[in-house]
Amino acid sequence: MTEKRKAVALISGGLDSLLAARVMMDQGVHVEGINFYTGFCVEGHTHAIRKKDRDRPKRNNALWVAEQLGIKLHILDIIEEYKDIVINPKHGYGSNLNPCLDCKIFMVNKAREWIDDHGFDCIVTGEVIGQRPKSQRRDTLPVVARESGADDRLVRPLCAKNLPPTRPEKEGWLDRDKLHDFSGRSRKPQMALAAHYGFEDYAQPAGGCCFLTDKQYSVKLADLWATRGKREYELDDIMLLKVGRHIRPGPNYKLIVGREEGENRFMEGYRKRFVHMLPTSHSGPLVLLDGEPDNNDIELAARLTARFSQGRDAERVIVEVTGKNGESRALAVKPYPAEQVPASWYL
Amino acid sequence: MKSVDARCLLCPLPVIRTQDAVASLQAGDSLEVLCTDPGAIHDIPAWCRVHGHEVCDINEQEDTITITIRVGSP
Ligand code: SF4
């Protein structure tokens, strides 16, 4: 008996990659999954941080998909290498700071290295021609195959019939007739195929798989680069962009204001590295000051902190200010009137 | 027993650290993972299920969650 052919599927946790992997398995191919952690993934964090999201079932969708399929899932930490993709995307950004095309090329290239190391035959993705405006167009799908070095070892089972035959098809161990010809933005064919396989309760991410497709998030990242004067980031920076209200009264500092208990608790872990504030006369949020505020800035930040506390209408609110050296002092301040906070300060 | 400290890391990093540690172990070996993200209580067992490893114990004490795993055969 000939050995089973092996494919690695890029599993995002969404429906398309679930179906693509399943279609391969239908043809007797051994499939394992690979999932990339960039630091920008929507997956995982929000449920740990925000209380309102904590009531939803906690699950990692990529792992859930792997369980549904009964396949192994390898999760790769690409945080460091991915920085260059976000900072210098050769093919540019999508509508926000999402470098989708470069990102796809990078991930397929990583998968290509993985199959070379592990003796697998091909790479599978859930891409569909015309599904996404930039990264999944008729003219960009070949770019991904070519620039990743995967070439004809990259199989897109959901739209394969609209593309030239891949190596597994040419070698005769993958039947082109049993692959699909989906195209365009409609989700109906995917939903019908999901129903055919009996998949329910799959994740339907709205924008994309990561925070970089989010307008608000991209504004905050662009602000981080602009005010620091260099396009760089650390994992902690991009994690903190996911939490709190970000308010920038001046180029030298901004406030990160916890919006609820879950965020406050998450921000607690970062407190020691920032000048931070907490109202003590009234209940209120933990506030981190990112940057180099001077004494006037600290006074203003304390008034803004008071504005977000239960004492927003009080004459005076006591705010405890703790420096990076751990020394605290109490400031009695008049809360900043909500209607006077310029809209432009909110990132 | 080998131990992994994934405290203060958010999911999926505790899963990734677990995966990397298991890669250097043999079937039957045990591994203890310390973490603080409650998501790990769900994600690490899910990862173990798809790879055929056994979760022997999940212990929550104050903020630290300790998950003990026995490595399955490849
Ligand atoms: S949405 Fe994010 S993870 Fe998905 S392809 Fe675009 S940049 Fe990459």
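Biologist: Is Cys48(B) buried or exposed?
Modeller: Cys48(B) is buried, at 0% relative accessibility. Buried means under 20% relative accessible area, exposed over 50% and partly exposed in between, with a 1.4 Å probe and protein chains only. Cys100(A) is partly exposed, at 24%.

Biologist: What should I know about the numbering and the model?
Modeller: This is a predicted model, where local features need pLDDT of at least 70 and side-chain atom pairs count only at pLDDT 80 or more, while totals for chains, interfaces and linings use all residues. Residues are numbered from 1 along each chain as its sequence is written, chains are lettered from A and ligands numbered from 1 in the order written, and side-chain values use heavy atoms, leaving out hydrogens and water.

Biologist: How is chain A divided?
Modeller: Into domain 1 (6–210) and domain 2 (243–345), with bounds from an automatic or database domain assignment. Their centres, taken over C-alpha atoms, are 41 Å apart. The C-alpha trace of chain A spans about 80 × 40 × 35 Å along its principal axes.

Biologist: How many helices and strands does chain A have?
Modeller: 13 helices and 11 strands. These are DSSP runs numbered from the N terminus, helices being H or I with at least four residues and strands E with at least two. Of the 347 residues of chain A, 55% count as buried.

Biologist: Where does Lys83(A) lie, and what is it in contact with?
Modeller: Lys83(A) is in helix α5 (residues 79–87) and is buried, at 12% relative accessible area. Apart from neighbours within four places in sequence, Lys83(A) is in contact with Tyr233(A) and Glu234(A); contact means heavy atoms within 4.5 Å.

Biologist: Changing topic, which residues line the largest cavity?
Modeller: Among them are Arg228(A), Asp237(A), Lys254(A) and Phe274(A). Lining residues have an atom within 4 Å of a cavity point, a cavity being a set of points on a 1 Å grid over the protein atoms alone where a 1.4 Å probe fits but cannot get out.

Biologist: Which elements supply at least two residues each?
Modeller: α10 (215–228), α11 (235–240) and β7 (253–257) of chain A.

Technical notes
1 Å grid on protein atoms, 1.4 Å probe; cavity = no way out; pocket = protein on both sides within 12 Å on 5 of 7 lines; lining within 4 Å.
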